[in-house]
Amino acid sequence: MKKFNYVPWVVGLSIAINLIVVALLFLPKVDGDLGFNIKLLPLLNAVLNSFTFVFLLAALFMIIRKNVKWHKRFIFAAFTSTALFLVSYLTYHSMAESTSFGGEGIIAMIYYFILITHIVLAALIVPLALLTLFRGLAMKVDKHRKIARWTMPLWLYVSLTGVIVYLMISPYY
């Protein structure tokens, strides 16, 4: 039986997801009544990021306890909440104008530092999380562990800072 080559999927999905996110910056936004309050989607995004953060912590706790079965379940839960986040994020940013941060001084510097590191690492986490997932599913345990040592803290940072960015900018929606 031929082994599944997951690398083209990781590369393809990583490029596609990141290109779609960048393309949203240039697409025209929807004008008029949408039939629902689109301003609820950033809150949903923050909730989904919170779920991802909790699921990742639970997955980390389980693998430290050598419970692979529950580690996998929590990782799948984290991927699910992240996928739902991505759908909600893309929906919101395809329809709504960007919201500007209204803070000034040191708080603005902190906000933009968190936002910029969040954006850069969010783009990086796509291929890292996918590669880590596929290596784990393929039972390439040594390779999985090596990359998971980087993926887990970065993904935790991205999911947590997503919530922090929302909390900081939410008064300006």
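## Working through helix α2

Helix α2 covers residues 41-64, and its 24 residues reach 34 Å from first C-alpha to last, close to the 34 Å expected at 1.5 Å a residue. Helices here are DSSP runs (H or I, at least four residues), numbered from the N terminus, and the expected span is 1.5 Å times one less than the number of residues. This is a predicted model: local features need pLDDT of at least 70, side-chain atom pairs count only at pLDDT 80 or more, and totals for chains, interfaces and linings use all residues. Residues are numbered from 1 along each chain as its sequence is written, and side-chain values use heavy atoms, with hydrogens and water left out.

**Exercise 1.** Find which residues of α2 are buried, and what they pack against.

*Solution.* Start with the cut-off: buried means under 20% relative accessible area, exposed over 50%, partly exposed in between (1.4 Å probe, protein chains only). Residues that pass as buried include Leu41, Pro42, Asn45, Leu48, Thr52 and Met62. Next, look at the partners: the buried residues pack against α3 (68-95) and α5 (141-169).

**Exercise 2.** Compare the UniProt record with the model over residues 40-62.

*Solution.* The unreviewed UniProt entry lists "transmembrane region" at several stretches, among them 40-62; such annotations may be inferred rather than shown by experiment. Now check the model: residues 40-62 are 96% helix and 0% strand, with end C-alpha atoms 33 Å apart.

Key: Helix = DSSP H or I, 4+ residues; strand = E, 2+ residues; numbered from the N terminus. Contact = heavy atoms within 4.5 Å.
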